[in-house]
Amino acid sequence: MLPGGPSRVAGVPHPLRRIVEHIYLTDFGGTPLVHLSRRFASDKDPDLVASMFTAIQNFMDDSFHSMGIGDVRSIEMGDRHHVAFGRGHTLLLYVVYRGREWNRLERRVIRFVHDLEARFAALVRAWNGDVDALGPLQRYVEQEWDLHPRELPRTPLEAPPTP
């Protein structure tokens, strides 16, 4: 058996395995609150990506509601990437994952955004833009999805933080 178990063949993940790569949480207007990532995978600003997901979701929901169709729950990007959307009353959650489409994950995202709103409604309503104030919310999302904040690379001139 190869390292990584039966779900890996010569170091490549099994195509049926689903892997959550990014979590974006915004307020209803698209203001980014939390971004978590499995790995440092993009040079794109995560705040810009989160705001773009909000714009896309709002446009698609408005368009499809006028046709009598409900909210957009997910979109497919490329061959194996998907974005599951969770819309609450005050929060929007976007989960980018790799692998086959996963309806169970879509339902989990919707339930989780409602759970976040129930637990953190007062924090989100009182938020004044100070990212540090969102610490409890971010830690809760980290624990649920086993992801961590994306660390930005340091330039060669920047010194490492001192303890």
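These are my notebook entries on what I looked up in this predicted model.

**Ground rules.** I number residues from 1 along each chain as its sequence is written, and side-chain values use heavy atoms, with hydrogens and water left out. Since the model is predicted, local features need pLDDT of at least 70 and side-chain atom pairs count only at pLDDT 80 or more, while totals for chains, interfaces and linings use all residues.

**Entry 1: helix 2.** I started with helix 2, residues 103-126. Helices here are DSSP runs (H or I, at least four residues), strands are E runs of at least two, and both are numbered from the N terminus. Helix 2 has 24 residues and spans 34 Å from first C-alpha to last, close to the 34 Å expected at 1.5 Å a residue; the expected span is 1.5 Å times one less than the number of residues. I also looked up its bend, and found about 75 degrees at Phe120 (the angle between axes fitted to the seven residues ending there and the seven starting there).

Which residues of helix 2 are buried? I listed Leu105, Glu106, Val109, Phe112, Val113, Leu116, Glu117, Phe120 and Val124. Buried means under 20% relative accessible area, exposed over 50%, and partly exposed in between (1.4 Å probe, protein chains only). Their cover includes strand 3, strand 5 (74-77), strand 6 (81-87), strand 7 and helix 3.

**Entry 2: the cores.** Next I checked the nonpolar cores, sets of buried Ala, Val, Leu, Ile, Met, Phe, Trp, Tyr and Cys residues joined through side-chain atoms within 4.5 Å. The largest has 24 residues, and Ile23, Val95, Leu116, Leu137 and Trp145 have the most contacts inside it. Strand 3 (19-27), strand 4, strand 7 (91-98), helix 2 and helix 3 each supply at least two of its residues. Helix 2 gives the largest share, seven residues.

I followed up Val95, leaving out residues up to four places away in sequence; among its contacts are Val20, Ile23, Leu105, Val109 and Trp145 (contact means heavy atoms within 4.5 Å). I also noted a second, separate core of 10 residues, including Ala50, Val72, Val83 and Leu92.

**Entry 3: salt bridges.** How many salt bridges does the structure hold? I found three, each a side-chain nitrogen of Lys or Arg within 4 Å of a carboxyl oxygen of Asp or Glu.

Glu21 pairs with Arg98, with the closest N and O atoms 2.5 Å apart. Glu21 lies in strand 3 and Arg98 in strand 7, so this pair ties together parts 77 residues apart in sequence. Glu21 is buried at 6% relative accessible area, and Arg98 is partly exposed at 23%.

Arg108 pairs with Glu144, closest N and O atoms 3.0 Å apart. This pair links helix 2 to helix 3 across 36 residues. Arg108 is partly exposed at 27%, as is Glu144 at 32%.

Arg119 and Asp115 meet at 2.9 Å, N to O. They sit four residues apart in helix 2, which means about one helical turn. Arg119 is exposed at 53%, whereas Asp115 is partly exposed at 24%.

Entry 4: Is Ser37 buried or exposed? I have it as buried, at 8% relative accessible area, in strand 4 (residues 32-37). Its side chain makes a polar contact with that of His22 at 3.3 Å. A polar contact is a pair of N or O atoms within 3.5 Å; within protein, one must be able to donate a hydrogen and the other to accept it, and residues adjacent in sequence count only if both atoms are side-chain atoms.

Last, I looked at helix 3 (residues 135-145), whose buried residues include Leu137, Tyr140, Val141 and Trp145. Just after helix 3, Asp146 takes a positive phi of about 55 degrees.
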